Amino acid sequence: NAPRLPGRPPGSDDGWRTVARWEQLAVGTPLQAHVIGAEVDAWNVSPDRRLGTVWLLRGGDGPETLRALSAVCPHLGCLIDHTERGFVCPCHNSDFSARGAALRGPSPRSMDPIEARVRDGRVEVRWARFRLGGAERIREEG
(Lines give C-alpha, C1' and ligand atoms only; values in the text may rest on other atoms or scores of the structure.)
Protein backbone atom coordinates (compact mmCIF):
# COMPACT_ATOMS: atom_id res chain seq x y z
CA ASN A 1 0.00 0.00 0.00
CA ALA A 2 1.23 3.44 -0.92
CA PRO A 3 1.34 5.99 1.93
CA ARG A 4 -1.38 8.65 1.94
CA LEU A 5 0.09 11.90 0.66
CA PRO A 6 -0.80 15.26 2.25
CA GLY A 7 -3.76 17.06 0.73
CA ARG A 8 -5.17 13.84 -0.78
CA PRO A 9 -8.13 11.84 0.44
CA PRO A 10 -7.27 8.19 1.20
CA GLY A 11 -6.99 6.10 -1.97
CA SER A 12 -6.61 9.12 -4.24
CA ASP A 13 -3.71 9.59 -6.63
CA ASP A 14 -5.36 11.77 -9.27
CA GLY A 15 -3.47 14.97 -8.46
CA TRP A 16 -6.22 16.83 -6.57
CA ARG A 17 -5.05 18.61 -3.40
CA THR A 18 -7.19 20.10 -0.64
CA VAL A 19 -6.21 23.74 -0.11
CA ALA A 20 -9.10 25.29 1.87
CA ARG A 21 -12.65 24.85 3.12
CA TRP A 22 -15.50 26.35 1.06
CA GLU A 23 -16.74 28.41 4.02
CA GLN A 24 -13.32 30.15 4.23
CA LEU A 25 -13.96 31.87 0.89
CA ALA A 26 -15.89 35.13 0.85
CA VAL A 27 -17.61 36.27 -2.34
CA GLY A 28 -15.38 38.77 -4.16
CA THR A 29 -12.39 38.43 -1.79
CA PRO A 30 -9.50 36.33 -3.15
CA LEU A 31 -7.90 33.86 -0.76
CA GLN A 32 -4.29 32.79 -1.18
CA ALA A 33 -3.69 29.07 -0.53
CA HIS A 34 -0.60 26.89 -0.67
CA VAL A 35 -0.69 23.60 -2.55
CA ILE A 36 1.01 20.95 -0.42
CA GLY A 37 1.98 17.51 -1.66
CA ALA A 38 4.78 15.11 -2.41
CA GLU A 39 7.61 16.35 -4.60
CA VAL A 40 8.99 13.52 -6.71
CA ASP A 41 12.23 13.41 -8.67
CA ALA A 42 14.13 10.51 -10.22
CA TRP A 43 15.44 9.27 -6.87
CA ASN A 44 13.39 10.73 -4.05
CA VAL A 45 9.87 11.35 -2.81
CA SER A 46 9.71 14.33 -0.46
CA PRO A 47 6.32 14.55 1.28
CA ASP A 48 4.77 17.74 2.64
CA ARG A 49 6.40 20.14 0.18
CA ARG A 50 4.88 23.36 -1.09
CA LEU A 51 4.22 22.60 -4.75
CA GLY A 52 2.85 26.05 -5.47
CA THR A 53 0.43 28.78 -4.48
CA VAL A 54 -2.99 29.67 -5.87
CA TRP A 55 -5.48 32.49 -5.56
CA LEU A 56 -9.01 31.17 -4.94
CA LEU A 57 -11.88 33.31 -6.22
CA ARG A 58 -15.51 32.79 -5.16
CA GLY A 59 -17.89 34.56 -7.50
CA GLY A 60 -21.22 33.74 -5.83
CA ASP A 61 -23.15 31.42 -3.54
CA GLY A 62 -22.57 28.10 -5.28
CA PRO A 63 -19.43 25.99 -5.77
CA GLU A 64 -19.79 26.39 -9.55
CA THR A 65 -18.57 30.00 -9.08
CA LEU A 66 -15.16 28.84 -7.81
CA ARG A 67 -12.09 29.76 -9.85
CA ALA A 68 -8.41 29.26 -9.06
CA LEU A 69 -5.44 31.09 -10.54
CA SER A 70 -1.78 30.26 -10.18
CA ALA A 71 0.03 32.84 -8.05
CA VAL A 72 3.14 32.34 -10.21
CA CYS A 73 3.69 35.25 -12.58
CA PRO A 74 3.83 34.07 -16.22
CA HIS A 75 6.70 36.51 -16.86
CA LEU A 76 9.55 35.12 -14.72
CA GLY A 77 7.87 33.21 -11.90
CA CYS A 78 7.63 35.72 -9.04
CA LEU A 79 4.76 35.40 -6.57
CA ILE A 80 1.74 37.54 -7.50
CA ASP A 81 0.15 39.69 -4.77
CA HIS A 82 -3.44 40.86 -4.39
CA THR A 83 -4.27 44.58 -4.20
CA GLU A 84 -7.52 46.50 -3.95
CA ARG A 85 -7.47 46.88 -7.79
CA GLY A 86 -6.69 43.25 -8.66
CA PHE A 87 -3.35 41.47 -8.77
CA VAL A 88 0.22 42.69 -9.23
CA CYS A 89 3.60 41.07 -9.67
CA PRO A 90 5.95 43.12 -7.49
CA CYS A 91 9.10 41.97 -9.30
CA HIS A 92 8.50 43.72 -12.63
CA ASN A 93 5.18 45.55 -12.09
CA SER A 94 2.85 43.43 -14.19
CA ASP A 95 -0.76 44.32 -13.38
CA PHE A 96 -3.69 41.89 -13.64
CA SER A 97 -7.43 42.47 -13.27
CA ALA A 98 -9.47 41.08 -10.37
CA ARG A 99 -10.20 38.08 -12.65
CA GLY A 100 -6.53 37.57 -13.59
CA ALA A 101 -6.44 39.21 -17.06
CA ALA A 102 -3.11 40.84 -17.97
CA LEU A 103 -3.48 44.62 -18.04
CA ARG A 104 0.05 46.00 -18.37
CA GLY A 105 3.67 45.21 -17.70
CA PRO A 106 5.98 42.55 -19.08
CA SER A 107 3.78 39.51 -18.34
CA PRO A 108 3.15 37.88 -21.74
CA ARG A 109 -0.28 36.51 -20.76
CA SER A 110 -2.98 36.49 -18.10
CA MET A 111 -2.61 34.58 -14.85
CA ASP A 112 -2.73 30.82 -15.43
CA PRO A 113 -5.99 29.06 -14.50
CA ILE A 114 -5.82 26.03 -12.23
CA GLU A 115 -8.50 23.32 -12.17
CA ALA A 116 -10.60 23.69 -9.01
CA ARG A 117 -13.62 22.01 -7.44
CA VAL A 118 -15.53 21.72 -4.18
CA ARG A 119 -15.99 18.25 -2.68
CA ASP A 120 -17.66 17.67 0.69
CA GLY A 121 -16.95 21.27 1.69
CA ARG A 122 -13.26 21.02 0.71
CA VAL A 123 -11.77 23.26 -1.96
CA GLU A 124 -9.46 21.15 -4.11
CA VAL A 125 -7.12 22.11 -6.93
CA ARG A 126 -5.15 20.09 -9.44
CA TRP A 127 -1.79 21.86 -9.36
CA ALA A 128 -0.02 22.54 -12.65
CA ARG A 129 3.08 24.47 -13.66
CA PHE A 130 3.24 26.44 -16.88
CA ARG A 131 6.19 27.50 -18.99
CA LEU A 132 7.34 31.02 -18.15
CA GLY A 133 8.03 33.94 -20.47
CA GLY A 134 5.82 33.15 -23.47
CA ALA A 135 2.38 34.21 -24.65
CA GLU A 136 1.32 30.61 -25.22
CA ARG A 137 0.14 28.74 -22.12
CA ILE A 138 2.13 25.48 -22.09
CA ARG A 139 1.72 23.08 -19.18
CA GLU A 140 5.00 21.64 -17.93
CA GLU A 141 5.11 17.99 -16.96
CA GLY A 142 6.68 16.82 -13.74
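**Figure 1. The open sheet of four strands.** In this predicted model, the strands S5-S6-S7-S8 form, in that order, an open sheet with antiparallel pairing, where two strands pair if DSSP finds at least two bridges between them. Strands, like helices, are DSSP runs numbered from the N terminus, a strand being a run of E of at least two residues and a helix a run of H or I of at least four. The edges are strand S5 (81-83) and strand S8 (102-104), each of which pairs on one side only. From one strand to the next the twist averages 35 degrees, with axes taken as lines fitted to C-alpha atoms (for helices over the stretch in contact) and angles running from 0 to 180 degrees between N-to-C directions. Strand S6 (residues 86-89) and strand S7 (residues 94-96) run antiparallel and are joined by three bridges; cysteine 89 has serine 94, in S7, as its bridge partner.

Residues are numbered from 1 along each chain as its sequence is written. Because the model is predicted, local features need pLDDT of at least 70 and side-chain atom pairs count only at pLDDT 80 or more, whereas totals for chains, interfaces and linings use all residues, and side-chain values use heavy atoms, with hydrogens and water left out.

**Figure 2. The open sheet of six strands.** Here the order is S1-S10-S9-S4-S3-S2, again with antiparallel pairing, and S1 and S2 are the edge strands, each pairing on one side only. The twist averages 40 degrees from one strand to the next. In general, strands of a sheet pair through backbone hydrogen bonds, either parallel or antiparallel.

**Figure 3. The largest nonpolar core and the surroundings of valine 54.** A nonpolar core is a set of buried Ala, Val, Leu, Ile, Met, Phe, Trp, Tyr and Cys residues joined through side-chain atoms within 4.5 Å; buried means under 20% relative accessible area, exposed over 50%, and partly exposed in between, with a 1.4 Å probe and protein chains only. The largest such core has 17 residues, of which Val19, Val54, Leu56, Ile114, Val123 and Val125 touch the most other members. Two or more residues come from each of strand S1 (16-21), strand S2 (31-40), strand S3 (45-58), strand S4 (66-70) and strand S10 (122-126), and S3 gives the most, with three residues. Leaving aside neighbours within four places in sequence, valine 54 is in contact with Leu31, Gln32, Ala33, Val35, Leu69, Ala71, Ile114, Val125 and Trp127, contact meaning heavy atoms within 4.5 Å. Apart from this core lies another, of eleven residues, including Leu69, Ile80, Phe87 and Met111.

**Figure 4. The disulfide of cysteine 78 and cysteine 91.** The structure holds one disulfide, a term for a pair of cysteine sulfur atoms within 2.5 Å. Cysteine 78 and cysteine 91 form this link, with their sulfur atoms 2.2 Å apart, and the angle of -105 degrees about the S-S bond makes the link left-handed. Distant parts of the chain are joined, since cysteine 78 is in the loop between S4 and S5 and cysteine 91 in the loop between S6 and S7, 13 residues apart. Cysteine 78 counts as buried because its relative accessibility is 18%, whereas cysteine 91, with a relative accessible area of 40%, is partly exposed.

**Figure 5. Cysteine 73 and cysteine 89, which form no bond.** The closest cysteine sulfur to that of cysteine 73 belongs to cysteine 89 and is 3.7 Å away, which is too far for a bond; cysteine 89 is in no disulfide. Cysteine 73 is buried, with a relative accessible area of 1%, and cysteine 89 also counts as buried, at 2% relative accessibility.

**Figure 6. Histidine 92 in its loop.** Histidine 92 lies in the loop between S6 and S7 and is partly exposed, with a relative accessible area of 36%. Not counting residues up to four places away in sequence, histidine 92 touches His75, Leu76 and Pro106. Histidine 92 and serine 107, 15 residues apart in sequence, are 8.5 Å apart in space, C-alpha to C-alpha.
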